[in-house]
Amino acid sequence: MKPLALALLAVAALAYAEAVVAVYLDGAIDGTAVSLVQKALADAEARGAPLVVVLNTYGGYLAPMDKIVEMLINAKTPVYAYVPPGAKAVSAGAFIAMAARKIYMAPTAQIGAAEPRPPDP
């Protein structure tokens with residue numbers, strides 16, 4: 001992470017608690033990603049700490065994305081998204097990032113192109 005991004009996340013964390021919980025979604029958005037976010041969010045809420053979702057994904061499946069977005073929107077603690085240098089939040093990753101209170105991105109990070117498609121019958 002870049003020093004400025006770390007400083008911004010630290011300031012956000014200090015506004016609410018002395019710690020921050022981070023979850024890394026690096027790869028496909030699937031059932032495993034749902035479990036990771038669920039556990040990290042429960043930990044953050046128990047500690048009274050903000051949750052930082054660090055994204056580097058081309059996307060994934062619609063149902064897991066919906067579950068993650070719903071969890072983040074209904075979180076009892078502040079949620080922030082961070083897309084590190086050279087990383088991307090594409091498709092489902094873009095929707096997850098938009099569910100956060102704020103999105104922080106490195107100058108070389110990418111976000112975009114999202115077209116949710118339900119499974120074929």
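Colleague: How many salt bridges does the structure hold, and what makes a contact a salt bridge?

Modeller: One. The term requires a side-chain nitrogen of Lys or Arg within 4 Å of a carboxyl oxygen of Asp or Glu. Asp-43 and Arg-47 meet at 2.9 Å, N to O, so the pair falls within the 4 Å limit and is called a salt bridge. This is a predicted model, in which local features need pLDDT of at least 70 and side-chain atom pairs count only at pLDDT 80 or more, while totals for chains, interfaces and linings use all residues. Side-chain values use heavy atoms, with hydrogens and water left out, and residues are numbered from 1 along each chain as its sequence is written.

Colleague: Why are Asp-43 and Arg-47 separated by about one helical turn?

Modeller: Because they are four residues apart in helix H2. Helices (H or I, at least four residues) and strands (E, at least two) are DSSP runs, numbered from the N terminus.

Colleague: What makes E2 mostly covered?

Modeller: Five of the six residues in E2 are buried. Helix H2 (residues 31–47) lies across E1, strand E2 (51–56) and E3. Its direction is at about 170° to E1; axes are lines fitted to C-alpha atoms, for helices over the stretch in contact (heavy atoms within 4.5 Å), and angles run from 0 to 180 degrees between N-to-C directions.

Colleague: How do you know that E1 pairs with E2, and E2 with E3?

Modeller: Two strands pair if DSSP finds at least two bridges between them. Six bridges join E1 to E2, and four join E2 to E3, so both counts meet the requirement. Val-21 stands opposite Leu-51 in E2, and Val-54 has Tyr-82 in E3 as its bridge partner.

Colleague: Which strands are the edges of the sheet, and what makes them edges?

Modeller: The open sheet has the order E1-E2-E3-E5, with parallel pairing. Strands E1 (21–26) and E5 (102–105) each pair on one side only. The twist averages 20° from one strand to the next.

Colleague: Why is the unit of E1, H2 and E2 called right-handed?

Modeller: A crossover is right-handed if, with the strands pointing away from the viewer, the path from the first strand over the helix to the second runs clockwise. E1, H2 and E2 make a right-handed β-α-β unit, as do E2, helix H3 (residues 62–73) and E3.

Conventions
Buried means under 20% relative accessible area, exposed over 50%, partly exposed in between (1.4 Å probe, protein chains only).
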